[in-house]
Amino acid sequence: MTQSAPFEIVSHSPEWARAFEEERARLLQLANCPFLELEHIGSTSVPGLSAKPVIDLMASVDGLGDIDAVQSALWALGYEDLDAGFQFRRAFHRPADADYPAFNLHIVRSEDWAHKSERLFRDWLKTHPDVARAYQDLKIRIAECGPETMMQYTRAKGDFIQSAVNDARRAVGLPERSDWRE
């Protein structure tokens, strides 16, 4: 599955944290669950930040092949394979329905966990409200322009995210990277 527009940016909802906790519990109860860590990432994880109403989760596993054993269980929970052009992760999307919001599940290798850009970016936004406000304003402007696909929307935010991720990386003593997505 490839995500596409239309989408909207909505005001932050405290329900996003609750929905994450419920989904986290569901995922961790999977038989043979390979997840070592499972966190709420993305704009919905930053209090007060407007976002697309899609909750992003990131899980770590020993190896990406570990997902094969639970892929059918993820499908049974309503997740679909998400083709977002990633090379070093597996991704799934669960569309919203009457009982649940939409979710994106990003699965990465545990050896990469500590330095994942999405985690660093989330924490940077939480501790730098001026950057979070600028990011929110940018997302709203991009959404109002009506990108045709989610990939276009993400690409339009890329320079901003890359700059903030590199600020976060420098702050914790890591070298800059040229591609925040992997």
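A crossing of two helices is right-handed if the near helix is turned clockwise from the far one by less than a right angle, and left-handed if the turn is anticlockwise. Keep that handy for the first exercise; the model here is a predicted one.

**Exercise 1. Work out how α4 and α5 run relative to each other, and which residues make their contact.**

Solution. Start with the geometry: the two helices, α4 and α5, pack at an angle of about 165°, and their axes lie 10 Å apart. Next, the cut-off: angles over 145 degrees count as roughly antiparallel. So α4 is roughly antiparallel to α5. Then the handedness: α4 passes α5 in a right-handed crossing.

Now for the residues. From α4, the contact uses V131, A134, Y135, L138, K139, I142 and A143. From α5 come Y153, A156, K157, F160, I161 and A164. Sort them by class and you get eleven nonpolar and two charged residues, with no polar ones.

**Exercise 2. Describe the largest pocket: how much space lies in it, and what lines it?**

Solution. First, the volume: the largest pocket holds about 840 Å³ of space. Second, the lining: 39 residues line this pocket, and F86, H106, T154, K157 and W180 are the closest to its centre. Third, the elements: β2 (54-61), β5 (102-109), α3 (117-127), α4 (129-145) and α5 (150-171) each give two or more residues to the lining. Of these, α5 gives the most, with ten residues. Last, the classes: the pocket lining has 14 nonpolar, twelve polar and 13 charged residues.

Methods
Residues numbered from 1 in each chain as written. Predicted model: local features only at pLDDT ≥ 70, side-chain atom pairs only at ≥ 80, totals over all residues. Heavy atoms only, no water. 1 Å grid on protein atoms, 1.4 Å probe; cavity = no way out; pocket = protein on both sides within 12 Å on 5 of 7 lines; lining within 4 Å. Points joined across faces, edges and corners; volume = space filled by probe spheres on them. Helix = DSSP H or I, 4+ residues; strand = E, 2+ residues; numbered from the N terminus. Nonpolar A, V, L, I, M, F, W, Y, C, P; charged D, E, K, R; others polar. Axes fitted to C-alpha atoms, helices over the stretch in contact; angles between N-to-C directions. Parallel < 35°, antiparallel > 145°, perpendicular 65-115°, else oblique. Contact = heavy atoms within 4.5 Å.
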